[in-house]
Amino acid sequence: MIPRSADGTRAPAPETGRTPWWPLRAAAVPLLAGLLTLGTLVAWTTAGRAGTPAALSVRDGRVFVPQNPEATAAFFTIVNSGGSDDRLIGVTAPAGQRAMLSRSVVTGKGARGMRMISAVTVPAGGTLRMTADTVDVMIEPPPQISPGDRLTFTLRFRDSPAVTTRALAVRPGG
């Protein structure tokens with residue numbers, strides 16, 4: 001009920017510092033945040049990426065013809081056309097060889113070395129390209145191979161089935 005003054009006209013309401021729109025303004029921020037989140041999820045789902053597992057393929061396998069008696073390296077390109085990351089967690093080399101994932105690291109003053117790693121991520125919708133300057137598979141002892149020979153490797157992943165592939169023996173730098 002609106003108060004009336006002594007002469008019968010309407011008196012203004014006492015000031016409370018809040019307008020009638022205050023409850024709506026207080027709800028605007030959470031409402032806009034929710035709408036933005038919903039819009040992003042709809043776009044992600046519409047693009048066909050929501051909840052899809054990793055879909056891995058392996059290609060371009062190469063293994064260096066050994067240059068020293070201790071070890072050599074193999075390299076692969078792993079493509080993930082799925083909507084989830086996966087992790088390469090290990091590699092099985094041909095019988096008689098041990099395979100380990102390794103990463104090239106700077107050791108100081110421009111020198112480089114290798115550090116063993118337990119896994120490497122294959123990003124969703126992306127590619128992991130192994131190179132001598134990034135990630136590779138170290139093989140020891142090196143197999144007796146010549147350029148053009150092929151070796152079979154099995155790549156194991158955290159969430160996807162293992163992939164068996166062949167790598168072509170090449171000379172380093174070739």
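This report describes selected residues and contacts of the structure above.

The model is predicted: local features need pLDDT of at least 70, side-chain atom pairs count only at pLDDT 80 or more, and totals for chains, interfaces and linings use all residues. Residues are numbered from 1 along each chain as its sequence is written, and side-chain values use heavy atoms, with hydrogens and water left out.

**Salt bridges**

Three salt bridges are found in the structure; the term stands for a side-chain nitrogen of Lys or Arg within 4 Å of a carboxyl oxygen of Asp or Glu. Side chains of opposite charge can pair when their charged atoms come close.

| Salt bridge | N to O distance |
|---|---|
| Arg59 and Asp60 | 3.5 Å |
| Glu140 and Arg98 | 2.7 Å |
| Asp159 and Arg158 | 2.9 Å |

Helices (H or I, at least four residues) and strands (E, at least two) are DSSP runs, numbered from the N terminus.

Exposure is given as relative accessible area: buried is under 20%, exposed is over 50%, and partly exposed is in between (1.4 Å probe, protein chains only). Glu140 is partly exposed because its value is 25%, and Arg98 is partly exposed at 48%. Asp159 has 54% and therefore counts as exposed, whereas Arg158, at 46%, counts as partly exposed.

**Backbone features**

Glu140 also takes part in a cis peptide bond, which runs from Glu140 to Pro141 with omega near -15°. Pro141 lies in the loop between strand E8 (135-140) and E9.

Asp60 is not a glycine, yet has a positive phi of about 55°. Asp60 belongs to strand E1 (residues 56-64) and is partly exposed, with a relative accessibility of 46%. Its salt-bridge partner, Arg59, is partly exposed at 41%.

**Arg166**

Arg166 sits in strand E10 (residues 163-170) and counts as partly exposed because its relative accessibility is 45%. Apart from neighbours within four places in sequence, Arg166 touches Gly61, Arg150, Leu151 and Thr152, where contact means heavy atoms within 4.5 Å. With Thr152 there is a side-chain polar contact of 3.0 Å. A polar contact is a pair of N or O atoms within 3.5 Å; within protein, one must be able to donate a hydrogen and the other to accept it, and residues adjacent in sequence count only if both atoms are side-chain atoms.

**Aromatic pairs**

The whole structure holds two aromatic pairs. One of them joins Phe76 and Phe153 edge-to-face, at 5.5 Å centre to centre and 70° between the planes. Phe76 is in strand E2 (residues 72-80) and Phe153 in strand E9 (residues 150-157), 77 residues apart. Rings of Phe, Tyr and Trp (its six-membered ring) pair if their centres lie within 6.5 Å; planes under 30 degrees apart count as stacked, over 60 as edge-to-face and the rest as tilted. Phe76 is buried at 0% relative accessibility, and Phe153 is buried with a relative accessible area of 0%.

**Nonpolar patch**

Leu31, Leu32, Leu35, Leu38 and Val42 make up a nonpolar surface patch with about 500 Å² of accessible area together. Patches consist of residues with over 30% relative accessible area and no salt bridge: like charges are joined within 9 Å, nonpolar side chains (Val, Leu, Ile, Met, Phe, Trp, Tyr) within 5 Å. Accessible areas come from the Shrake-Rupley method with a 1.4 Å probe; for residues, only the protein chains shown count as cover. Leu32 is in helix H1 (residues 22-46) and counts as exposed at 56% relative accessibility.
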